[in-house]
Amino acid sequence: GTQHSRRIMSEFLQITTTTGTRQDAEQIAAELVSRRLAGCVQVSGPIASTFRWQGKTETLEEWVCTIKTASEKFVDVQKVIEQIHPYEVPEIVATAIEGGNEKYLSWLRGEIS
């Protein structure tokens, strides 16, 4: 499909998703790290998320997963999130990691390969 046609040039991504419970966030984190699809997942929260859904403005308490991974793992990470995530349309947003501590990035590379 066209959504995958854009080339991601950086080697690493930071992917975020939000969940309605801490338990869901921690399950996503554990699954991604144990499958070596992420070197590190930070769970933070609770946060207040305000958004429009089906024409109404909603404010929910949510938890954030900040996922550090390789660009080539994006599709697999997305599949795991979608399998676990109870939302009809989960937020899955990837940001290129353009730079960082080389020792950290080297460690990250080792954890996901």
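Me: In which helix do Tyr104 and Trp107 both lie, and how many residues apart are they?

Reply: Please note at the outset that this is a predicted model. Tyr104 and Trp107 both belong to helix 3, which covers residues 102-112. They are three residues apart, about one turn of the helix.

Me: How is a pair of aromatic rings described?

Reply: The description of two aromatic rings rests on the distance of the centres and the angle of the planes. The structure holds one aromatic pair. Tyr104 and Trp107 form that pair, with 5.4 Å centre to centre and 40° between the planes, and the arrangement is tilted.

Me: Are Tyr104 and Trp107 buried, partly exposed or exposed?

Reply: Tyr104 is partly exposed, at 31% relative accessibility. Trp107 is also partly exposed, with a relative accessible area of 37%.

Me: Helix 3 also holds Leu108. Is Leu108 buried or exposed, and with which residues is it in contact beyond its neighbours within four places in sequence?

Reply: Leu108 has 0% relative accessibility; it is buried because that value is under 20%. Beyond its neighbours within four places in sequence, Leu108 is in contact with Phe12, Gly39, Lys68 and Thr69. Lys68 is 40 residues from Leu108 along the chain, yet their C-alpha atoms are separated by 7.7 Å.

Me: Where do nonpolar side chains tend to be found?

Reply: In soluble globular proteins, nonpolar side chains tend to be buried together. Here, the largest nonpolar core has 18 residues. Ile15, Leu32, Val41, Ile67 and Val77 have the most contacts inside this core. Two or more residues come from each of strand 1 (12-19), helix 1 (22-34), strand 3 (56-70) and helix 2 (74-84). Helix 2 gives the most, with five residues. Apart from this core lies another, of six residues, including Ala70, Leu105, Leu108 and Ile112.

Me: With which residues is Val41 in contact, leaving aside its neighbours within four places in sequence?

Reply: Val41 is in contact with Ala29, Leu32, Val33, Cys65, Thr66 and Ile67.

Me: How many disulfides does a search of the whole structure find?

Reply: The search finds zero disulfides. Cys40 is in no disulfide, and the nearest cysteine sulfur, that of Cys65, is 11 Å away. The sulfur atoms of a disulfide must lie within 2.5 Å. Cys65 itself is buried, at 0% relative accessibility.

Me: How are two packed helices described?

Reply: The description uses the angle between their axes and the distance between the axes. Helix 1 and helix 2 pack at an angle of about 145°, and their axes are 10 Å apart. The crossing of helix 1 past helix 2 is right-handed. On the helix 1 side, Asp24, Gln27, Ile28, Glu31 and Leu32 take part, and they meet Val77, Val80, Ile81 and Ile84 of helix 2.

Me: Which two residues does a cis peptide bond join?

Reply: A cis peptide bond joins Gly45 and Pro46, with omega about 0°. Pro46 is in strand 2, residues 40-53.

Me: Strand 2 also contains Ser49. Is Ser49 buried or exposed, and how far in space is it from Leu60, C-alpha to C-alpha?

Reply: Ser49 is buried, with a relative accessible area of 12%. Ser49 and Leu60 are eleven residues apart in sequence, and 5.3 Å apart in space, C-alpha to C-alpha. Once its neighbours within four places in sequence are left aside, Ser49 is in contact with Glu58, Thr59, Leu60 and Glu62.

Methods
Residues are numbered from 1 along each chain as its sequence is written. This is a predicted model: local features need pLDDT of at least 70, side-chain atom pairs count only at pLDDT 80 or more; totals for chains, interfaces and linings use all residues. Side-chain values use heavy atoms; hydrogens and water are left out. Buried means under 20% relative accessible area, exposed over 50%, partly exposed in between (1.4 Å probe, protein chains only). A nonpolar core is a set of buried Ala, Val, Leu, Ile, Met, Phe, Trp, Tyr and Cys residues joined through side-chain atoms within 4.5 Å. Helices (H or I, at least four residues) and strands (E, at least two) are DSSP runs, numbered from the N terminus. Contact means heavy atoms within 4.5 Å. Rings of Phe, Tyr and Trp (its six-membered ring) pair if their centres lie within 6.5 Å; planes under 30 degrees apart count as stacked, over 60 as edge-to-face and the rest as tilted. Axes are lines fitted to C-alpha atoms, for helices over the stretch in contact, and angles run from 0 to 180 degrees between N-to-C directions. A crossing is left-handed if the near helix is turned anticlockwise from the far one by less than a right angle, and right-handed if clockwise.
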